[in-house]
Structure formats: C-alpha cells, structure tokens
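Hi everyone, thanks for making time today. Please have a look at the sequence and the structure, and then I'll walk you through a few spots.

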Amino acid sequence: MGNKYLVLLLCAICIFGCKNDEKQVVEDLVEVIEEPEEILEFGFNLENYIVKRDTIRKGDSFGEILERNNVGYPKIFNIAEKAKDTFDIRRGLQIGKPYTLLCSKDSLELAKCFIYQPNLEEYVVINFHDSIHAYTSRKPITFVEKTATGVINSNISETLEEQGLSPRLAYKMADDIYAWTIDFRRLQKGDRFKVIYTDKYIDDTIYTGVHDVKAAYFEHNKEPFYAFRFLTDSSKGIVDYFNEEAKNLRRAFLKAPVKFSRISSRYNLKRRIAVYGFKLRPHRGTDFAASIGTPIMATANGTVTKSERRGGNGNYVKIRHNATYETQYLHMSRRLVKVGQFVKQGDIIGKVGMTGNTGGPHVCYRFWKNGKEVDPFKQKLPEAKPISDSLKIEYLKFIEPVKTQLDNIHFLEDVFEDQNQPEHTIKQNDNLISLNN
Ligand SMILES: [Zn+2]
C-alpha cells in the first residue's frame with residue numbers, strides 16, 4: 001500500500017515537474033486517496049482506523065486496556081454493562097490471547113472498537129463507535145478434501161511421515177476407526193491403506209490439521225476393511241464408522257477406561273489379601289494403574305446415573321448404557337460429569353486419583369451386567385449399536401459414490417505395474433468441497 005502510494009506520488013511529481021500540468025496532478029492524487037485498497041478484517045475496513053494489535057498480558061483488564069487508549073471510566077463501565085450478555089469482559093479475557101483495537105485516525109487515537117480472539121475461529125466484537133453493541137462471530141472455515149494412500153513397511157506413523165502426511169491420520173485410523181478390527185501394533189509388511197479425509201483451514205490460510213476421515217480402506221493380511229463415516233443421530237451428533245455391509249466397526253465398549261495403563265489387579269472373586277490376614281476379599285473390578293490426573297473415559301455411550309463421593313469408592317461415576325449394562329469408575333481425583341448427563345464412548349468423565357480405599361493411584365473399573373458385577377474380559381461384548389433398518393437403506397445409498405471414489409484411488413505400486421498412468425495422478429488430490437461460516 002505504502003509503496004503503491006509512493007510510486008503514484010512520484011509519478012505525480014514527475015508529471016508536475018515535466019509537464020507543469022497542475023490539474024493532471026491533482027486528479028491523480030485524488031484518485032489514489034479516494035480509492036484506497038480495502039483491508040477487511042473482522043468485518044471492518046481497517047483503513048479507516050489506527051489498528052493496534054496486542055495480546056492480553058498478566059494484570060491486563062478490559063478497563064485498563066481501554067483507559068490506556070483514552071476511553072474514560074464512566075464509558076468503560078457502560079460498555080462492560082451493555083456487552084455482558086455477549087461476553088463477560090471481567091472473567092473472559094485470558095492471558096496470551098490476541099486482541100485488536102480500532103482507534104480513531106486522528107491525534108487522539110481514541111479506541112472505538114475492541115476485538116478479542118478467544119480461539120483461532122471465533123472473535124468477539126465490542127463496538128462502541130457511537131452506540132454500544134457486542135457480538136461474537138466466526139472466521140470463515142474451509143474444508144479441503146484430500147486423498148492419500150500408503151503401504152506399511154514397519155509402522156503406520158513412518159509410512160505417513162514418509163509422505164508428509166499428518167500423524168493425526170494414524171490416530172484417527174488406529175484409535176477411532178479400526179480400533180476394534182485391526183491391531184495397529186501388529187501390522188504386517190505390505191499392509192496398505194487408502195483414505196479420503198478433510199483438512200481444515202481458517203480464513204483460507206491457517207491450517208488447523210486433519211478435520212475428519214470420510215472413508216478408509218485398509219488391507220490387513222490381504223483382507224480388505226472398508227470404513228465409511230456416517231451420522232446416525234443428528235440430535236446427539238453421533239457419528240460412527242460402518243463397513244460396506246453397514247456393520248458397525250466399533251464394539252459397544254472400550255477395552256479400558258484409560259489409555260496407556262496396565263492392569264494392576266484383575267476381577268477375582270477368590271482374591272485373598274495379606275494385610276487382611278489372607279481373608280477372602282473378592283475383587284469385583286479391574287484395576288488400571290495410572291498416574292493421578294490421567295483422564296478416565298466412558299467406555300461406552302450412556303447416561304450418568306451416579307456422580308458422588310462415598311466411602312471406599314471415593315469419588316466415583318456410574319453410567320447406564322442400556323437395559324443390560326452399566327459401568328462404574330472408582331477412586332477419581334476429580335469427577336467431570338453430572339447425573340443425567342449423556343456421555344459418548346471415549347468422553348472424559350473424570351481424572352485418576354486415590355480417593356476412598358486405595359493403596360495407590362488407579363481406576364477401579366466395574367462392569368455391571370443385569371445388576372451384577374462381572375468380569376468384562378470374560379464377556380462376549382456386544383457390537384456397537386447396529387444401524388437401524390430405515391437408516392441402512394439411506395446409508396447404502398450414501399456410501400455408493402464414496403466407495404467408488406475410494407476404489408478409484410490407486411496404490412503407487414499398482415500404478416507402476418500399469419504403465420499407462422503417470423505417477424502424479426495418484427498424488428494427493430485437492431478438492432474444495434465446502435465453504436461456510
Ligand atoms: Zn478395584
């Protein structure tokens with residue numbers, strides 16, 4: 001902008017000097033001033049203001065920031081009052097988050113508008129230009145659909161890294177999609193996959209990573225496993241992955257309520273403990289040792305029926321999953337759910353602790369079937385909720401083009417065999433699929 005201005009000004013001086021045509025010069029300059037390049041951000045033309053950008057620092061308050069920018073106290077109080085339904089200025093500002101002040105383009109540099117960004121996507125506008133109004137808005141988000149393929153040499157992370165693909169794709173496939181079908185710690189050399197996924201961008205420029213996997217194909221020990229993402233309950237936002245025959249890829253229950261833990265004590269009705277004089281002390285749960293603060297996950301979808309602190313259980317949560325199954329999680333340091341709350345499989349419901357009767361930090365996981373505590377490892381656990389008959393028709397119709405798309409993605413090695421196709425056709429294929437705000 002500055003350069004452009006300078007160039008035009010130099011032109012003008014040149015014309016002025018060379019031709020002495022004063023009228024021409026004035027017109028040129030007026031043209032430049034009247035049509036400034038618009039810089040739109042947060043819905044404002046930044047050219048109209050002195051723009052001050054900073055981050056919230058320790059000790060900063062909304063009042064102090066405004067005061068530093070020449071807004072007086074009665075007005076600050078008014079602004080805070082009027083804005084409070086949209087945004088709690090007193091409690092909402094977090095250290096390190098960016099904010100922007102739009103100030104008057106004069107010697108006063110009076111603040112006219114305060115824009116705060118609690119995260120990359122959202123921004124809060126408190127405009128006090130004349131009347132005071134406040135609102136929250138979102139930056140436009142773009143999803144870009146991409147495809148990738150890979151052949152396993154030793155492990156999935158390495159294969160993804162070689163191609164410059166996000167490790168999040170590995171987590172998605174290993175933990176979300178195929179956690180119950182394929183053991184990713186035991187992949188075979190030559191196992192291979194194709195995946196259709198979306199990358200997320202904010203404002204078209206900020207890459208925020210892999211957003212979702214739309215469909216995947218994994219060949220493990222020469223056996224194909226298809227997975228298609230499908231929204232089964234829009235009101236609860238439940239998304240599941242099903243195979244080409246509409247079978248749910250998930251089991252109803254996770255194997256453990258904590259990640260990366262070891263079982264320190266199994267369900268054992270004949271347990272005897274030395275400190276109790278080797279008396280029979282049945283253990284009706286499975287203990288997973290983990291450090292204090294480790295997140296505890298609901299092992300299945302359900303509704304919280306208990307969340308309290310009581311006796312030997314300490315802080316515990318109990319969840320009813322259906323008419324048959326309930327699960328219970330003991331000795332938490334913190335409970336993060338309330339009675340009546342609906343939780344999804346994998347949701348964090350509390351943190352590992354050592355409240356109640358316990359010798360060390362762990363979660364005692366109790367698995368109830370028809371009102372009795374049983375050993376979950378001896379149960380033939382049910383498949384996750386199957387697709388309903390009415391949805392099944394919709395699902396099969398939905399996946400038809402996706403499956404075709406997946407089948408038409410070729411593996412690099414196959415392309416080499418079929419010399420007709422140049423190498424680049426199998427590289428990542430970017431497709432702009434949706435824009436929203
Ligand atoms: Zn236990």
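Let me begin with a definition: donors are N, O and S atoms within 2.8 Å of the metal (3.2 Å for Na, K and Ca), and water is not among the atoms, so sites may look incomplete. This is a predicted model, where local features need pLDDT of at least 70, side-chain atom pairs count only at pLDDT 80 or more, and totals for chains, interfaces and linings use all residues. Residues are numbered from 1 along each chain as its sequence is written, and side-chain values use heavy atoms, with hydrogens and water left out.

So, which residues coordinate the zinc ion? They are His283 through NE2, Asp287 through OD and Cys364 through SG, at 2.1 to 2.2 Å. Along the sequence, the spacing of these donor residues reads H-x3-D-x76-C. Both His283 and Asp287 are buried, meaning under 20% relative accessible area, with exposed being over 50% and partly exposed in between (1.4 Å probe, protein chains only).

Next, helix H4, residues 73-83. Helices (H or I, at least four residues) and strands (E, at least two) are DSSP runs, numbered from the N terminus. Ile76, Ile79, Ala80 and Ala83 are the buried residues of H4. They line one face of the helix, because they fall within an arc of 95° seen down its axis, taking directions from the axis to the C-beta atoms. Pro74 and Lys82, on the other side of H4, are exposed.

Last stop: Asn243, in the loop between strands S12 (238-242) and S13 (262-265). Asn243 is buried, at 14% relative accessible area.
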